[in-house]
Amino acid sequence: MNYQNENKDKVEFTEIRRLNLKTDLKEYTVITSTKGIKELYMKLNDSKYSRSAPIPVLEEGEYFLVLKPKLKKIKNGDIEIEKLETNGSTLNVFYKEIENQEYTEKKQSDPILILKIMDSPKKIKLTIK
């Protein structure tokens with residue numbers, strides 16, 4: 001049987017923070033607690049920059065999705081989310097690599113994107129477009 005036509009639901013998201021930093025984060029991380037957010041922000045703390053924004057808070061039913069994919073097409077680029085959708089218990093993240101002048105000038109190749117989503121995925125699949 002062909003299960004290609006399963007129900008796919010679009011997932012709304014809000015971009016919380018975007019940065020480029022060499023760190024030991026996995027390709028993706030789901031954060032479900034305020035404690036997890038504080039630990040993440042401690043990892044992302046860069047003493048070269050003053051704290052310009054407060055650490056965000058999760059409301060009931062919200063989760064953070066931290067993306068740090070390895071760049072494949074653009075060495076010193078950034079990522080842009082095209083869409084998020086669920087397929088059963090899997091969250092599919094569709095993104096593309098984009099040029100970023102600042103990252104190119106500074107020779108940075110470790111983009112990190114923090115998203116707030118309304119569903120806690122069981123599995124996550126990153127797909128580059």
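A salt bridge is a side-chain nitrogen of Lys or Arg within 4 Å of a carboxyl oxygen of Asp or Glu. Side chains of opposite charge can pair when their charged atoms come close. The model shown here is predicted. A search of the whole structure finds 11 salt bridges.

| Salt bridge | N to O distance |
|---|---|
| Lys43 and Asp24 | 3.3 Å |
| Lys116 and Glu62 | 3.6 Å |
| Asp110 and Lys68 | 3.6 Å |

Lys43 and Asp24 form a salt bridge at 3.3 Å. This pair links distant parts of the chain, 19 residues apart: Lys43 belongs to helix H1 (residues 34-44), and Asp24 to the loop between strand S2 (13-20) and strand S3 (28-31). Lys43 is partly exposed, because its relative accessibility is 42%. Asp24 has a relative accessible area of 59%, so Asp24 counts as exposed, the cut-off being over 50%.

Lys116 is in strand S7 (residues 111-117) and Glu62 is in the loop between H1 and strand S4 (63-67), so the pair ties together parts 54 residues apart in sequence.

Asp110 and Lys68 also meet in a salt bridge. Asp110 lies in the loop between helix H2 (101-105) and S7, while Lys68 lies in the loop between S4 and strand S5 (77-87), 42 residues apart. Asp110 and Lys68 are buried.

Notes: Residues numbered from 1 in each chain as written. Predicted model: local features only at pLDDT ≥ 70, side-chain atom pairs only at ≥ 80, totals over all residues. Heavy atoms only, no water. Helix = DSSP H or I, 4+ residues; strand = E, 2+ residues; numbered from the N terminus. Buried < 20%, exposed > 50% of the residue type's maximum accessible area, 1.4 Å probe, protein only.
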